[in-house]
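Work through the following exercises with the structure in view, trying each task before reading its solution.

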Amino acid sequence: RVLATRVLPAMLMVAALGLVAGQADDKIGPALKKSNLMTGGDKNLEKLCGWVAKNTSKDAIFLTPPDHESFRFHCERAIVVDWKSPPIVPKELLDWIQRLQDVTGKKKLSGRRDLGAYSSLDAKALAALRARYRFDYIVVRGGRRIGKLDALYRGPGYSVIDARGGATTYAYDSM
C-alpha cells in the first residue's frame with residue numbers, strides 16, 4: 001500500500017521530468033549560449049558602474065542612450081529616460097514620451113531604431129536638454145573623445161562626460 005501511495009507517484013514524477021528534460025535539451029543549450037546568465041553580463045557596463053560608484057555622487061543625474069535599459073539598475077544612478085521604463089500614470093506617460101522625443105531629437109518616434117538618434121545630438125540640442133533636465137553627466141557608447149573635450153571616463157564600451165561645466169561646448173558629431 002505504501003508503494004502505491006508514495007513511491008509510485010514519485011517514480012512517475014521523476015519519469016515525467018526526464019521526458020520533459022529530454023525534449024527541452026535541444027532548446028536549452030542554444031539559449032544558454034545566447035544568455036549572459038552564465039557569463040556574468042556586460043563587463044564594460046560593470047567597469048562603467050565601478051567608475052560611477054567611485055567618482056559620482058548618489059544623487060547625480062545621467063543622460064544615457066535611451067536604448068540602454070540597464071544603466072539605472074546596475075549603476076544605481078538616476079537617468080533622464082530610457083525606453084524600457086514607461087510609467088503607468090497617464091500624465092507621467094506623456095512626460096516619458098516627451099523625454100524620449102527630446103533625447104532623440106525626434107518629434108515622432110516610430111520604433112526602437114529611432115532611439116539611435118541620441119548619438120547625433122548637436123551642441124545646441126545638448127544645451128537645451130541640460131537646461132531642461134539638469135543632468136550632471138552624459139554617457140555615450142565607445143571610448144571616443146567627444147567634440148573638443150576629453151571624457152572623464154573612457155572605457156572599452158562607454159565614455160562619461162561632465163555636463164556641469166558649460167554643456168553648450170559639447171558636440172556629438174564624432175560619436
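**Exercise 1.** Find where Arg134 is placed, and decide whether Arg134 is buried or exposed.

*Solution.* Start with the elements, which are DSSP runs numbered from the N terminus (helices H or I with at least four residues, strands E with at least two): Arg134 is found in the loop between α5 (123–133) and β3 (137–141). Next, take the backbone, where Arg134 has a positive phi of about 50° although it is not a glycine. Finally, Arg134 counts as exposed because its relative accessibility is 60%, given that exposed means over 50%, buried under 20% and partly exposed in between (1.4 Å probe, protein chains only).

This is a predicted model, in which local features need pLDDT of at least 70 and side-chain atom pairs count only at pLDDT 80 or more, while totals for chains, interfaces and linings use all residues. Residues are numbered from 1 along each chain as its sequence is written, and side-chain values use heavy atoms, with hydrogens and water left out.

**Exercise 2.** Determine which elements the buried residues of α4 pack against.

*Solution.* First, locate helix α4 at residues 90–104. Then pick out its buried residues, among them Trp96, Leu100 and Val103. These buried residues pack against β1 (61–63) and α5, where contact means heavy atoms within 4.5 Å. After α4 comes Gly105, with a positive phi near 75°.

**Exercise 3.** List residues that Val80 touches.

*Solution.* Leaving out residues up to four places away in sequence, Val80 touches Ile61, Phe62, Leu63, Arg99, Val103, Tyr133 and Phe135.

Notes: The expected span of a helix is 1.5 Å times one less than its number of residues.
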